[in-house]
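Hi,

Here is the structure I promised to pass on. Have a look at it first, and then read my notes below.

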Amino acid sequence: MAPLPAEAALRRLIENELPAVKTAGCRFSPVQGLTGESWRIEGEGVQLLARQQSAEKTALGVSRRREARVLRSAGEGLGPQVLMQNNQWIILEWLSGDVVTEAHFTRLNQQGDLARLVARLHQRPLSGYPLNLHRQFARYWQQLDRRRLTPAWLRLHQRFLQASQPSSLKIAPLHMDIHPGNLIAQGEGVRLIDWEYAADGDIALEIAALFRGNAWSADNQLRFLRHYVHEGYHDLPLLSTQVQRWLPWVDYLMLLWFEVRWQQTGDSEFLRWGAVQRRRFCLSSSPCSE
């Protein structure tokens with residue numbers, strides 16, 4: 001069977017840019033994730049991951065150039081090594097190991113290992129790509145299904161675009177998508193994968209995204225913060241307050257992202273996941289009952 005166009009293009013790219021990597025006999029297989037396909041490349045002595053800059057990724061604010069820059073400046077020992085990057089592709093080492101389970105993730109938080117990992121990332125050099133939530137909100141807004149919008153949602157959107165973001169406690173490289181599926185267990189340690197939303201921003205924004213993205217209870221949040229302040233920012237009350245300031249911004253980012261992904265895929269699961277944020281902001285066409 002003839003190779004798929006993406007596979008053929010990848011083979012040519014690797015032959016030209018990574019001549020030491022021999023793709024003859026390698027197996028190219030798509031890897032499905034929430035934001036689309038990447039490619040795993042396996043062969044004798046070869047374990048690679050190739051991620052494409054597609055129109056769909058661009059619409060989500062993904063930049064392979066930014067991803068490569070953050071990984072090169074902040075990801076050493078925490079994420080995969082960047083082997084090659086151009087305007088269309090990024091080729092990374094494939095991190096071997098097991099995807100972290102929910103139970104393992106809970107243990108990592110309880111024992112402080114997750115906080116130490118995040119604090120290590122937040123101590124790395126900046127990438128030079130600041131995270132701009134206003135621009136991201138505006139990008140996502142243009143892709144929403146207009147039939148789902150309400151006057152309340154329009155007013156909310158305008159408030160976010162006009163509001164100043166919380167003043168930063170500390171600017172650092174952020175991953176912005178830390179959850180069990182993006183952690184690989186390797187022996188006694190863990191590594192972070194899927195850096196496509198990584199950029200520079202306030203450390204409390206990262207922590208707010210961690211809390212909301214994993215639907216953590218107040219106890220789990222406090223446990224993380226108590227571990228984190230031993231490794232990173234040392235003022236627990238101020239850090240906790242700053243995280244609370246960022247939570248509405250994270251909620252709105254998640255809501256828009258789920259809506260855009262539903263538009264791209266037609267998968268109603270994205271609407272179900274986004275329903276929590278819709279209820280938080282009360283964006284139904286009828287008055288809130290809460």
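This is a predicted model: local features need pLDDT of at least 70, side-chain atom pairs count only at pLDDT 80 or more; totals for chains, interfaces and linings use all residues.

Let's start with α8 and α10. Their axes come within 7 Å and cross at roughly 60°, so this pair is oblique. The crossing is right-handed. On the α8 side, the contact is made by Ile203, Ala204, Leu205, Ile207, Ala208, Ala209, Phe211, Arg212 and Gly213. Across from them, α10 brings in Leu239, Gln242, Val243, Trp246, Leu247, Val250, Asp251 and Met254. Sorted by class, that makes 13 nonpolar, 2 polar and 2 charged residues.

Helix α10 (residues 236–265) also has a contact with helix α7 (residues 151–162), where the axes come within 12 Å and cross at roughly 125°. These two are therefore oblique to each other as well, but here the crossing is left-handed. From α7 you'll find Trp153, Leu156, His157 and Phe160, and they meet Pro248, Trp249, Tyr252, Leu255, Leu256 and Glu259 of α10. The residues of this contact divide into 8 nonpolar, 1 polar and 1 charged.

Helix α8 (residues 203–213) has another partner too: it packs with helix α5 (residues 113–122) at an angle of about 145°, and the two axes are 11 Å apart. α5 passes α8 in a right-handed crossing. In this contact, Leu114, Val118, Leu121 and His122 of α5 meet Ile203, Glu206 and Leu210 of α8.

Now for some strands. There is an open sheet of 3 strands in the order β6-β8-β9, and the pairing is antiparallel. Which strands stand at the edges? They are β6 (98–99) and β9 (189–192), and each has a single partner strand, so one side of each is left without a neighbour in the sheet. As background, strands of a sheet pair through backbone hydrogen bonds, either parallel or antiparallel.

If you zoom in on β8 (residues 183–186), you'll see that 4 bridges join this strand to β9. Leu183 stands opposite Leu192, and the bridge partner of Ile184 is Arg191. β8 and β9 form a hairpin with 2 residues between the strands, and Gly187 takes a positive phi there, near 65°.

Last, the salt bridges. How many does a search of the whole structure find? The total is 17. One of them pairs Arg27 with Glu42, with the closest N and O atoms 2.8 Å apart. Arg27 lies in strand β1 (residues 27–33) and Glu42 in strand β2 (residues 36–43), so this pair ties together parts that are 15 residues apart in sequence.

That's what I have for now. Over to you!

Conventions: Residues are numbered from 1 along each chain as its sequence is written. Side-chain values use heavy atoms; hydrogens and water are left out. Axes are lines fitted to C-alpha atoms, for helices over the stretch in contact, and angles run from 0 to 180 degrees between N-to-C directions. A crossing is left-handed if the near helix is turned anticlockwise from the far one by less than a right angle, and right-handed if clockwise. Contact means heavy atoms within 4.5 Å. Angles under 35 degrees count as roughly parallel, over 145 as roughly antiparallel, 65 to 115 as roughly perpendicular and the rest as oblique. Ala, Val, Leu, Ile, Met, Phe, Trp, Tyr, Cys and Pro count as nonpolar, Asp, Glu, Lys and Arg as charged, and the others, Gly among them, as polar. Two strands pair if DSSP finds at least two bridges between them. A salt bridge is a side-chain nitrogen of Lys or Arg within 4 Å of a carboxyl oxygen of Asp or Glu.
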